[in-house]
Structures are given as structure tokens and as C-alpha cells.
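I opened this model to look up its fold, its core and a handful of residues. My entries follow the order in which I looked.

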Amino acid sequence: MTASYLIRINNQKANTLNELRTGLSQANDASIFYHTFQSLGRHHFLTEGFSNDFAQWILAALNRPQLAERLAGLDVRDYVSLAELRADMVRIVSEYCAEHPQEAEVSGFEPFYFCECAEVTAPLGAPAQSLSEFREGLKRLSTNTLYYHFLISRLRLQLQTNDFSLWLQSVMGREDLARRINRIDIYTNTLESARDEMVRIVSAGEKTRAGENNHDRG
């Protein structure tokens, strides 16, 4: 599958940390998704800096690096529900506001505007039924498709895995490849380099299995 995202700016904004805390509590799930999971997809070509919009705004508009780093330290791959992610972000901002009440009311250089996105998916019509077909399919994937199957699939599956690893393990019986692909760090890779790493992992897995088959026949 591939996916596109239609972005809409809401009429909700924050000028201070207290207002951001309120906004995090009241924003809909589509907005939380946009500023965290979707933000990581939008900035997939960056391997440095903060990947979620909240942390970036706190650093750039409020100059609060300590809080920004705490929010940026939340790894979206650890979450299978937006409610859990939202709760952790509200907790971190609330704790900071309680510890620094004067800073909580300081206005930023510019407001934070809450946005949201609607997902539109479409089938690519290119199924894979073997490791070789899967490897060739990976090579042709756009970053949108890779993002859909590798990152946001965790929310859809409600599992700490991705579509590729789930298929490799449950259909192909290759838990070794599934585990290695799921361990690829999207924060230190771009989506393109993550895709290249997947291709290398699958190629090595094909050679390993071929070697085992030859050994058995021998």
C-alpha cells in the first residue's frame, strides 16, 4: 500500500508551556499523530535534531532545551496507541511547568499551531510471495510506502512491530529477518537508508537459506 496525507491547520494554538499542556490534553488524535508520527515521516531525511514538532517548538520558540530533549526522547516506536503517547507528553510538560512555574507563562517567539492530517491509502498492486519478490519490491518502494508499512503500522497493528516483520515472521517463517528489520533505528537512519538496510538484510537471509539447502543436499 501507499499513503498520502491531507494536512489541515486547526483553530487551536499555544503561546506558552501552560497552553501547550492544555493543547496536548485537548487536541484530537489526528493532531497528536501529525506532530509525532507524521513529523518523523516528514523529516525522514534528517538524522540529527528533534523529530517531533512539540520538542522543536519548545527549543526554537521558547529556548527550553532541557524540556525539548525530554520530549524528543520519547521514541514513537515504543507506542502502540496515541493515548499512551499523549499521556507521557502531558506528564513531561506538566512536571516541567510545576518545577518552573514562571517559565510556564512565558510566551514564545511564535505560537505553536496544532495541525492534523487525514490518511488516504491506495494499493500498489505489487504483491510479494517470496523473499526474492519481497527484496525487489523493497527496492522500488517510495518513502511514503515505506513510512506507511514500517512506522505507522505499529498503531494499526497495535504491536511493537511493522508490516514487513510481521509478514516475514508469520507467513515466511523468518523470525531472524523479522527481528533484524524491526531493530533498524529510524532515528539514526533516513527512510532511504533504512530501505537499503532492509534490502541487505533480506539478501543476506536469502544467501543463508540457500547455503543451508545446499548443505542439506550435500
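The entries below go from the whole chain to single residues.

**Ground rules**

I am working with a predicted model, in which local features need pLDDT of at least 70 and side-chain atom pairs count only at pLDDT 80 or more, while totals for chains, interfaces and linings use all residues. Residues are numbered from 1 along each chain as its sequence is written, and side-chain values use heavy atoms, with hydrogens and water left out.

**Entry 1: the whole chain**

I looked up the secondary structure and found 12 helices and 2 strands in the protein chain. These elements are DSSP runs numbered from the N terminus, with helices (H or I) of at least four residues and strands (E) of at least two. In sequence order I read the pattern β-α-α-α-α-α-α-β-α-α-α-α-α-α. The C-alpha trace spans about 75 × 30 × 25 Å along its principal axes.

I then looked up burial: 47% of the 218 residues count as buried. Buried means under 20% relative accessible area, exposed means over 50%, and partly exposed is in between, with a 1.4 Å probe and protein chains only.

**Entry 2: the core**

I asked which residues have the most contacts inside the largest nonpolar core. They are Leu 20, Phe 33, Phe 37, Phe 54 and Leu 71, in a core of 63 residues. A nonpolar core here is a set of buried Ala, Val, Leu, Ile, Met, Phe, Trp, Tyr and Cys residues joined through side-chain atoms within 4.5 Å. Helix H6 (residues 82-99) gives the largest share of this core, 8 residues.

I followed Phe 54 first. Setting aside residues up to four places away in sequence, Phe 54 touches Leu 20, Leu 24, Ile 32, His 35, Thr 36, Leu 71, Met 89, Phe 112 and Phe 114.

Phe 33 was next, in helix H2 (residues 29-35). Phe 33 counts as buried because its relative accessibility is 11%. Beyond four places in sequence, the contacts of Phe 33 include Tyr 5, Leu 82, Cys 117, Tyr 147 and Leu 155. I also noted Leu 85, which is 52 residues from Phe 33 along the chain, with 9.4 Å between the C-alpha atoms.

Tyr 147 lies in helix H8 (residues 143-150). With a relative accessible area of 4%, Tyr 147 is buried. Apart from neighbours within four places, Tyr 147 is in contact with Tyr 5, Phe 33, Phe 37, Gln 38, Gly 41, Ile 152 and Leu 191.

**Entry 3: H4 against H5**

How do helix H4 and helix H5 pack? Helix H4 (residues 53-62) and helix H5 (residues 65-72) pack at an angle of about 170 degrees, with their axes 8 Å apart. I therefore put H4 down as roughly antiparallel to H5. Axes are lines fitted to C-alpha atoms, for helices over the stretch in contact, and angles run from 0 to 180 degrees between N-to-C directions. Angles under 35 degrees count as roughly parallel, over 145 as roughly antiparallel, 65 to 115 as roughly perpendicular and the rest as oblique.

On the H4 side I listed Phe 54, Ala 55, Ile 58 and Leu 59, which meet Pro 65, Leu 67, Ala 68, Leu 71 and Ala 72 in H5. The contact residues divide into 9 nonpolar, no polar and no charged. In this scheme Ala, Val, Leu, Ile, Met, Phe, Trp, Tyr, Cys and Pro are nonpolar, Asp, Glu, Lys and Arg are charged, and the others, Gly among them, are polar.

I checked Ala 68 in helix H5; at 0% relative accessibility, Ala 68 counts as buried.

**Entry 4: positive phi**

Most residues other than glycine have a negative phi. Asn 63, in the loop between H4 and H5, has a positive phi near 55 degrees. Gln 158 also has a positive value, near 60 degrees, and sits in the loop between helix H9 (153-157) and helix H10 (163-170). At 46% relative accessibility, Gln 158 counts as partly exposed.

Beyond four places in sequence, Gly 205 touches Arg 174 and Leu 177. Gly 205 and Arg 174 are 31 residues apart in sequence, and their C-alpha atoms are 8.6 Å apart.

Definitions and conventions:
Contact means heavy atoms within 4.5 Å.
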